[in-house]
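My entries follow in the order I made them.

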Amino acid sequence: MIEAVLFVCNMNSVRSPMAAALLKARPGRRITVDSAGVYEGALDPFVEAVLGEIGLAITGHEPKSLDAIRTEDFDLIVALTQDAALELARRTPPARVEFWDIENPSGASGGRNAILGAYREVRDELTRRIAARFKEQS
């Protein structure tokens, strides 16, 4: 049974905090959830917007790097980018790491609606993956 999960992306500003918020919001048995980046970034405001659309908030999220995390405290670490997977391979036994290749929406172009659409796609993909991976946690 998984007791603690860490999501890791490049800067802890889009994918990993979004994934952490989505897993924390799942009903059922509580598990410890956190997020980090290979590097420390700044929270992307589009993340707050698309999570707000489904009633979630990540107010108070402070991006942090892997250097600020004790990876050994987590049963499962999910790398959401290739860079995160490579960095985790240097730090963590591979049996505890999964790689989910999640698109980076921050490179989306066009107007606000097009950009929000890219973030919604990432949110929805993470929601599907989390539901499939953590169904036994409900």
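This is a predicted model: local features need pLDDT of at least 70, side-chain atom pairs count only at pLDDT 80 or more; totals for chains, interfaces and linings use all residues.

**Entry 1: α1 and α4**

I recorded the crossing of α1 and α4 as right-handed.

I then listed the residues in contact. From α1 they are Arg15, Met18, Ala19, Leu22 and Leu23, and they meet Tyr119, Val122, Arg123, Leu126, Thr127 and Ile130 in α4. On helix geometry I noted that an α-helix has 3.6 residues a turn, so residues three or four places apart point the same way.

**Entry 2: α1 and α2**

I turned to the pair formed by α1 (residues 15-25) and α2, whose axes come within 10 Å and cross at roughly 25°. α1 and α2 are therefore roughly parallel to each other. This crossing, of α1 and α2, is right-handed. On the α1 side I found Met18, Ala21 and Leu22, which meet Val47, Val50 and Leu51 of α2.

**Entry 3: α2 and α4**

What is the angle at which the axes of α2 and α4 cross? I read roughly 70°, with the axes coming within 9 Å. That makes α2 roughly perpendicular to α4. I logged the crossing of α2 past α4 as right-handed. The contact is made by Phe46, Val47, Ala49, Val50 and Leu51 from α2, and by Arg112, Ile115, Leu116, Tyr119, Arg120 and Arg123 from α4.

**Entry 4: burial of α1**

How many of the residues of α1 are buried? I got 9 of 11, so I wrote the helix down as mostly covered. The buried residues of α1 are Arg15, Ser16, Pro17, Met18, Ala19, Ala20, Ala21, Leu22 and Leu23. I checked what they pack against and found β1 (4-9), β2 (32-37), α2 and α4.

**Entry 5: rings**

I searched the whole structure for aromatic pairs and found 2. One of them joins Phe46 and Tyr119, with 5.2 Å centre to centre and 40° between the planes, and is tilted. Phe46 lies in helix α2 (residues 45-52) and Tyr119 in helix α4 (residues 112-133), so the pair ties together parts 73 residues apart in sequence. I also looked up the accessibility of Tyr119, whose relative accessible area is 2% and which is therefore buried.

I noted one charge over a ring as well: Arg133 lies over the face of Phe134, at 5.6 Å from the ring centre.

**Entry 6: loop positions**

I finished with two loop residues. Gly111 sits in the loop between β4 (97-99) and α4, and Asp73 in the loop between α2 and β3 (76-79). Are these residues buried or partly exposed? Gly111, at 46% relative accessibility, counts as partly exposed, and Asp73, at 44%, also counts as partly exposed.

I then took C-alpha to C-alpha distances. Gly111 and Asp73 are 41 Å apart in space and 38 residues apart in sequence. For Asp73 and Lys24 I noted 17 Å in space and 49 residues in sequence.

Key
Residues are numbered from 1 along each chain as its sequence is written. Side-chain values use heavy atoms; hydrogens and water are left out. Rings of Phe, Tyr and Trp (its six-membered ring) pair if their centres lie within 6.5 Å; planes under 30 degrees apart count as stacked, over 60 as edge-to-face and the rest as tilted. Helices (H or I, at least four residues) and strands (E, at least two) are DSSP runs, numbered from the N terminus. Buried means under 20% relative accessible area, exposed over 50%, partly exposed in between (1.4 Å probe, protein chains only). A charge sits over a ring if NZ of Lys or CZ of Arg is within 6 Å of the ring centre and within 35 degrees of the ring normal. Axes are lines fitted to C-alpha atoms, for helices over the stretch in contact, and angles run from 0 to 180 degrees between N-to-C directions. Angles under 35 degrees count as roughly parallel, over 145 as roughly antiparallel, 65 to 115 as roughly perpendicular and the rest as oblique. A crossing is left-handed if the near helix is turned anticlockwise from the far one by less than a right angle, and right-handed if clockwise. Contact means heavy atoms within 4.5 Å.
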